[in-house]
Amino acid sequence: MRFIVFLGLFLINISTFSQVTDFIRVDSGHFYKGNVKYKFLGANYWYGMYLGMESGPGDRDRLIRELDHLQSLGIKNLRILGSSEGSGKYQISPPLLISKGKYNEEVFKGLDFLLNELRKRNMTAVVVLNNFWMWSGGMPQYVSWAEGSDIPLPDIENGDSWDPFINYSASFYKSNKAQRLYRKNLREIINRINSITGERYKNDPTILSWQLANEPRGYDYKKDYRSWIKNTSEFLNRIDKNHMISLGAEGDTGSDQAGVDLYKDNQFEAIDYATIHLWIQNWSWYDPNNPETFSKALQKAEKYLDSQLKKAKKLNKPVVIEEFGVSRDNADFSITSSVHYRNRFYEYVFDYAYQNIIDGGLIQGSNFWSWGGEGNPSKPGQMWDRNSDLTGDPPHERQGWYSVYNHDTTTISIIRESAFKINELSR
């Protein structure tokens, strides 16, 4: 009898050890899953938990088809939204966190469903927990709840100034009350028990990392911004010892005024790896209406990536190029317009990442922005509304801008070929 009990305990311990080794971790500047290096080509798929809902914007059949399609392309990682807060203009609806302490269980179940489907396909997720921009609520919503004030949204359609909004969102770093609301939400999410698997999120190896926010920027609050990074990453590390933690910032960005720096922002011990975003169009390096600017934009992109890797090397931390994209040719929002320059840009970034990986560099993966799949904007070039399909373009951006649709065969061929090359390195 004692032997049987001992054998049972031994098997439980083996099972536990096996589960722990499934969590992606950093070792000597590389991602590992078990004893195998983990490299990936992934996609941004922020709206996945919304497709996973049983009602509202949910479409589980579409989600399953799209995950099958992505898996067939060799994509192993998706960067997804893991929280949304409040409701308002230019924002995804319905929110997960309706108001202070009040949750929409149907949205949570959508995230449960998505994570379970990713697990079935041996895919992983980077789960974004906050947002500097308004499209998922994020920092400005926490400030609004803390202060009882209205968010000064810009009139995006008419080219209104973003400055009042940016200052309002960045004030989150100085608001202890707003940050307490945020940490309370983090605790709720990380300790969530998946309604399908019965497993707490913090024990689910499907999650590659928790990400503090989407594109946080310090602007005039640099000291408070970096205190927030340090304190929040340490908080997450205390309540979840299994998962890596990433910041979600752009690196240095194309602007000196954004108040970000890859080295300074990722220097904290609880941040496991650095992230880079690359936006040749948003940063005014490339004008799609002037194709002659493309070659110089690639030169700037290479110089930028090189500079970011130098900073990461000083940190001795891995890197993921987790956002990059460009519009369809001639800035045409039509879903059937050509994508010649997008294809060239994707090829450039994928080749840069691949070469760095085979040279033993710090890059571990890349996530293009973004997968639009079966989505079909009802009004291409217009803002999203609640009756429109979900696509890769969030509600505060014109629909059809950066989405890669499932009929973009030339782009998909590039993704498939590049993913195959990357996946061969992880065998």
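**Exercise 1. How many of the residues of β9 are buried, and how does the chain go on from there?**

Step 1. Strand β9 is mostly covered: 5 of its 5 residues are buried. Buried means under 20% relative accessible area, exposed over 50%, partly exposed in between (1.4 Å probe, protein chains only). Helices (H or I, at least four residues) and strands (E, at least two) are DSSP runs, numbered from the N terminus. The model is predicted: local features need pLDDT of at least 70, side-chain atom pairs count only at pLDDT 80 or more, and totals for chains, interfaces and linings use all residues. Residues are numbered from 1 along each chain as its sequence is written, and side-chain values use heavy atoms, with hydrogens and water left out.

Step 2. Take the β8 side. Strand β8 (residues 124–128) runs parallel to β9, joined by 4 bridges. Two strands pair if DSSP finds at least two bridges between them. Val127 has Trp210 as its bridge partner in β9.

Step 3. Take the β10 side. β9 and β10 pair over 3 bridges, in the parallel sense. Here Ser209 stands opposite Met244 in β10.

Step 4. Trace the chain. It crosses from β9 through α8 to β10, and this β-α-β crossover is right-handed. Right-handed means that, with the strands pointing away from the viewer, the path from the first strand over the helix to the second runs clockwise.

**Exercise 2. Which residues of α8 are buried, and what covers them?**

Step 1. Get the span. Helix α8 (residues 222–239) has 18 residues and reaches 26 Å from first to last C-alpha. That is close to the expected 26 Å, where the expected span is 1.5 Å times one less than the number of residues.

Step 2. List the buried positions. They are Tyr225, Arg226, Trp228, Ile229, Thr232, Ser233, Phe235, Leu236 and Ile239.

Step 3. Recall the geometry. An α-helix has 3.6 residues a turn, so residues three or four places apart point the same way.

Step 4. Find the cover, using contact (heavy atoms within 4.5 Å). The cover includes α5 (138–147), α7 (176–190), β9 (207–211), β10 (244–246) and α9 (262–265).

**Exercise 3. Which parts do the ring pairs of Phe172 tie together?**

Step 1. Rings of Phe, Tyr and Trp (its six-membered ring) pair if their centres lie within 6.5 Å; planes under 30 degrees apart count as stacked, over 60 as edge-to-face and the rest as tilted. The structure holds 35 aromatic pairs.

Step 2. Take Tyr142 and Phe172. Their ring centres are 6.1 Å apart and their planes at 40°, so the pair is tilted. Tyr142 lies in helix α5 and Phe172 in the loop between α6 (163–170) and α7, so parts 30 residues apart in sequence are tied together. Both Tyr142 and Phe172 are buried.

Step 3. Take Phe172 and Trp228. Centres lie 6.2 Å apart and planes at 80°, so this pair is edge-to-face. Trp228 sits in helix α8, so the pair ties the α6–α7 loop to a part 56 residues apart in sequence.

Step 4. Check burial. Phe172 has a relative accessible area of 0%. Trp228, at 1%, also counts as buried.

Step 5. Ring pairs link Tyr142, Trp145, Phe172, Tyr173, Tyr182, Tyr225 and Trp228.

**Exercise 4. What is the strand order of the open sheet of 3 strands?**

Step 1. The order is β1-β2-β3, with antiparallel pairing. β1 (25–27) and β3 (36–37) are the edge strands, each pairing on one side only.

Step 2. Strand β2 (residues 30–33) pairs with β3 over 2 bridges. Lys33 stands opposite Val36 in β3.
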